[in-house]
Amino acid sequence: MFITTFKSITILMVLTVILTACNPAKDQPNNQAETATKNITYATAKDINDMNPHLYAGSMPAQGIVYESLVENTAEGIKPLLAESWDVSPDGKTYTFHLRKDVKFHDGEPFNAEAVKQNIEAVQRNSEKHAWIKLSTKIKACRVVDEYTVELVLAEPYYPTLAELSMTRPYVFISPKDFKNGETKDGVNGYHGTGPYVLADHQPEQYATFKANPNYWNGTPTIPMITAKVLPAGETTYLALQKGEVNFAFTDDRGADSVDVEAVEQLIASGKYQRVQSESMNTKMIVANTSRQASPVHEQAVREALWYVVDRETISKDIMGGTEAPAYTLFSKNVNDADIPLQERAYDPQKAASLLDSAGWVSTEGTGSRSKNGKPLTMKLDYDSNSSSQKIEAELIQSAAAAIGMKLELTGEESTSIANRRSTGEYDLLFNQTWGLAYDPQSTIAGFTSQNAYLYATQGIPEAPKLYKTIDQIMTTTNEQTRQQLFTDVLTIVHDEAVFIPITNGNITVVAPSDLKGITFKQTQYELPFEQMSFEK
Amino acid sequence: MNIWSNLRHDRIGMLSLVTVIAVIVIGICAPIIAPHDPLTVNMSLRYNGSTWSYWLGNDQLGRCILSRLIYGIRPSILLVLWILLISIGIGTALGFIAGYFKSKVDAWIMRICDIMLSFPGYVMTLAIVGILGVGLENIVIAFILTKWAWFARVIRTSVMQYTELDYIRFAKASGISNWHIIRRHVVPVTFADLTVIASSSIGSMILQISGFSFLGLGIQAPHAEWGMMLNEAREVMFTRPEMMLAPGIAIIIMVSAFNFLADALQVALDPRLHQSASTYTSSKKWQVRI
């Protein structure tokens, strides 16, 4: 008798514990779903990291809503942002900016000529870090004319000046009060920009919240709060979207869509979400390291053969589910100055095989793999292990290459490791993407000469000296027609040498609640204009 | 003691043994048995269901899942057997030296073991892969480096227990060489313990090697491995959950088979357990968790 009573009491207690434990867990998603309808919580694979806009560790979409630049790059050209207007001197060396007078930093500091000067000078004092952006090598001085007028003096005329000033970093402005000992290169004391959102809270590797800036010069944004939640894997993002824990996801700054194409279809079918896609923003490609003397990738014929074995139609149709168009040139035709006639190399394994044959890479009997003077035709291809599509693409290309006797060894790595390989030249082939409409073609091409970008990729080709000279000329030429001709020369050289093997034209895909309106895109894949979005009432 | 006749009466044990042997044979004869080339890509068959020519369907690149599963036996099972053999080899040699000669040698070897065992196995393996780089060979090296110490320790204890026995002391007193004593009188009796720890640790090793491949640290594409197949299926977990079935079930079957076999072997090797098998089948002498 006693035992049965004891037993039933125990069972009762256990049940109570389980039930009470369940209750709050059930309530939570509802709460979150309610707040989620008013705010945006987006999923990000990586933490927003160091938000210092003069360094490169931070997440660009997050920096894009906190900080602003002098001018903005739009589809219709350069438009005013923090500068209301500007004049360029006839010799193209002096830019005078007339600043907006109603702008304040998030900490209340006034945004004026002095702040602009301090920021630009802080960037210039750390110029090694900014070598990829050629403007940093051209700026000679930054002078305050009056409280709201500032003058930028260049060493020589540089045509992409305004385009480079419009970029997400480094020429954006942080409150001078946040400087550490007058510098920003060793870290900053706070993250106060002038942008539509203010960084309110940041829990590293968990989330970051941004509140609408009530004093924003262009009117307070409609959506009161934006949260960036760290969700490293695509499946968790998908579940979180389903549950309402996050309600927004977009292609990240590495071009990786963590959520699978078909999973997005399911979300849309549920009626709660919509998908908005930008026009093509960049080109996803395989970069060949021409400077690797020891590797077959050094040879033009091998690179061209690889170009012919990439089955872009299948990648676009089956792997990307039709969301990305096949790319046949480094820059698509809608990129400025890039609409030039180049030979289109479509999928043609036979052509690839005959190219290899005539270059002396012959098949060894039995194994089917090719070699030349005892050197096997084997190359390494590195892909980003966080991208759900790159590995499949890599395996498809690998199998097509194997069919003509070219062996590719695949390695999946973290995106930071890929970036590190690119800047140290420790690779044969790697997946990459051009930098987006605002940067293409001028900045990407300037990147050919920068060690952090594509110097190793380009310096092994015979025309390299000529290529670099032409690129230098492009940047200083003021004549539109000459520049077009020089661009044609550069793009033809890298196309003929098959340095950058294009795959598809990437775009930004946004998965957002179906009642969210005003989803637009900028000219860069690194930012999203959250301030223009609003929920349907 | 007749192991075979003991084992024969254990139905689960026999079933496990047959499964294990069958899988090993299939793995060795993979090129003959597999219906297709595991690397042949055919995008028109992407994510196809099972058909007569592709029994288990096709994966994200239209490759035959059954063939990949069969070729996957090699890194998933056969390689684990090799690693086990090598680490047991090292562990046994050092364990015997320590357990038999004792004194200073024992102290040295055991302190090294202590150092190796004081790191959590996964962390140690990750560190070694971090230093040497990603790849199956490095995982193998890391596994051997982290596993041998455990075997050395267990075997030393087992050896020590026997060297205290009278017949060994008698053999020593009668001037028989150490090598001869170890070979004739110690190895046969410790063999039972060896078999049991080997068979029971293999299950966890299969899981670990699949785990590392799942994380992308082990075998590299396009070669098939069960853990990597699971990882590929993970990406389409919510749209095509059936992709997880084949590699998942294969791992479950193999790990269970090895564990049941270990239990059965233990009972077969230890008459005391056998007699009370009806009441204590689940009690394990060597609960191995590395």
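Guide: In this predicted model, A:Thr41 stands opposite A:Thr227, a residue of strand E12(A).

Visitor: What makes E1(A) and E13(A) a pair?

Guide: E1(A) and strand E13 (residues 248-250) of chain A pair in the parallel sense over two bridges, and the cut-off asks for at least two; within E13(A), A:Phe248 is the bridge partner of A:Tyr42.

Visitor: Why is E1(A) called largely enclosed?

Guide: A residue is buried if 20 or more other C-beta atoms lie within 10 Å of its own, and five of the five residues of E1 (residues 40-44) of chain A are buried, so the strand is largely enclosed by the rest of the structure. Both faces are covered, with A:Ile40, A:Tyr42 and A:Thr44 buried on one side and A:Thr41 and A:Ala43 buried on the other.

Visitor: Why is helix H8(B) said to lie largely in the open?

Guide: The number of buried residues among the eight of H8 (residues 166-173) of chain B is zero, so this helix lies largely in the open. Just after H8(B), B:Gly175 takes a positive phi of about 85 degrees.

Visitor: How do you know which parts of chain B are annotated "transmembrane region"?

Guide: That comes from an unreviewed UniProt entry, whose annotation covers, among others, residues 122-145 and 202-222 of chain B. In the model, residues 122-145 of chain B are 88% helix and 0% strand, with end C-alpha atoms 12 Å apart, while residues 202-222 of chain B are 62% helix and 0% strand, with end C-alpha atoms 25 Å apart.

Note on methods
Residues are numbered from 1 along each chain as its sequence is written. Chains are lettered from A and ligands numbered from 1 in the order in which they are written. This is a predicted model: local features need pLDDT of at least 70, side-chain atom pairs count only at pLDDT 80 or more; totals for chains, interfaces and linings use all residues. UniProt positions are given in the numbering used here, feature names are shortened, and annotations may be inferred rather than shown by experiment. Helices (H or I, at least four residues) and strands (E, at least two) are DSSP runs, numbered from the N terminus. A residue is buried if 20 or more other C-beta atoms lie within 10 Å of its own, exposed if 12 or fewer, and partly exposed in between; C-beta atoms are placed from the backbone.
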